[in-house]
Each structure stands twice: as structure tokens, then as C-alpha cells.
Amino acid sequence: MEALAERYKSEEMPTRYSTRATYLSYLKGHITPRWGSVALGGVRPLDVEAWFKSLPLAPKTKAHIRSLMHVLFQCARRWGFIDTNPIDLVRQGARRREIPRVLTPEEFSALLSHLKEPYRTMVLVAGCLGLRASEVVGLQWQDIDWDGLTIRIRRGVVHGREGDAKTEASEKPIPLDPDLATEILRYKNGTVYSQPTDFVFAGDSGKPRWQETILADHIKPAAKEAKIQGKVGWHTLRHSYSTLLRSLGADVKV
């Protein structure tokens, strides 16, 4: 398995930074330590299922690891090492242990009131447009069409590294509410980085900020000050956005 993983890393590993980093983490932290010394033919579905049950991870994370193991064995089949993929028979659901936290409009407003710039506008954009954290920190001023009131997601930034948008659908124009546009424009008038190719929420050096640092140092403390109960993270904003849309009867594709 370790040899298979090494060949996969050199020949088939995705080039997108965030995906690559996640896969390498799964390989180094979970798959190789447990299965690295096992012959390909010795990986049995029931053993893999028992292993998943022992891992102190969220079901969704286990499902991602299962998917990566399935990809590894598909490569092994293509390279002629084995004839079947044992992971086909491995059952591992991705159902969440608990329902994700959803902010009410009142809680969202309270969160904003405890944030300073640029973090207030970052959270406002994330919560009002449903963007991923990587898309928020990757925004550039040229992505905003002020006349047409739309925003285009052209890139994502993770750990300071630029990459393409996560999906093709992500790149479609997003309607920009006039009130939100006014808030963003007000923020733009107060930042030194306002050229078309500048990042909207650039750090002091002009480079993109790190989403994990923003969450730990600003968003979570603000949520605590606002007395918002439960776990609050970047995805809380995205999930709250989609939940509100559904409650208003918006099409699921929206």
C-alpha cells in the first residue's frame, strides 16, 4: 500500500493546492500508518470498515478517506496490480453527527457588531453571498462589476496559494445586492489596496490573509462576545445563507 501511495503521489495526485494538501494529510496521518505495510491483496473490506469505526473522526472525514482509498485501488487496477477494488464493498456513510449551526439574522447582526475591519466586511460578504472562505480571501477588486451589480469568483486562496475556483458553477456571476455593494464600496474607500488586481481583503503586505487565522483570532472571539452559542466557523455562514434561501423558497440550484 505504501508503494501504491507513493506512485499515486508522483503520477496522479491532483494539482489544486487545497485538494493536494488534504490528500497528503489523509495519506500521512491515516492511510499509510495503518495500511502502508499491507499487501494490496491483503486489504479486506471488513477490516477497513472496522478501522473506520475505530477512528475518532467525523463521518464526513471518514467518507473522504474512503474515497481516497477507492481512488488508490482504482489506480492499482489501471496499473495492473490487482483485478478488483476492495473498497467497493466498504460501507462508510457521510451523515453528520449533528445538525450544523445556523445563525439567525439577529445573531448574524450581533456577530458583525463585534468585528472590526476588514473582518466585519469579510464576514458580511461571506454571510450575504454564501462564499467559501477561500473565495472570500481570494477576491480581487476586478471581480466586482459595480455597474452590473455582480461578483465573479475567479480563484480561491488557501494558505496564501492561489488556485482555480472549486467548481465550474462557482465561476458564474453572483448577484450583488445594492446595500451590500454600498458596504463593500465604503470599505474600499478606506483601504490602501484598491487597484483592480489588488486583493479585496489584503493583509498589510498586500497578500491574501489566512482563513484559519481570521477564524481563530477574530470570528470565534466575536461570536463569544456576541454570546452566540454553539460552534461558529466559516461554513456556518455558508450554511446559514443556504438555509435562509431554502426557507424563502429559492430554487435548490440557487
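The largest nonpolar core here has 43 residues. A nonpolar core is a set of buried Ala, Val, Leu, Ile, Met, Phe, Trp, Tyr and Cys residues, joined through side-chain atoms within 4.5 Å. Buried means under 20% relative accessible area, exposed means over 50%, and partly exposed lies in between, using a 1.4 Å probe and protein chains only. Leu111 and Trp234 have the most contacts inside this core.

Two notes on the model. It is predicted: local features need pLDDT of at least 70, side-chain atom pairs count only at pLDDT 80 or more, and totals for chains, interfaces and linings use all residues. Residues are numbered from 1 along each chain as its sequence is written, and side-chain values use heavy atoms, with hydrogens and water left out.

Which element gives the most to it? Helix H6, with 7 residues. Helices are DSSP runs (H or I, at least four residues), strands likewise (E, at least two), numbered from the N terminus.

Now Leu111. Setting aside neighbours within four places in sequence, its contacts include Val123, Ile219 and Leu237. Contact means heavy atoms within 4.5 Å.

There is a second, separate core of 28 residues. Among them are Met13, Trp35, Val38 and Leu40.

Next, His239, in helix H10. Buried or exposed? His239 is buried, at 15% relative accessible area. Beyond neighbours within four places in sequence, His239 touches Pro100, Arg101, Val102 and Arg246.

Last, Arg77. Arg77 sits in helix H4, residues 59–78. At 40% relative accessibility, Arg77 is partly exposed. C-alpha to C-alpha, Arg77 and Val252 are 37 Å apart, and 175 residues apart in sequence.
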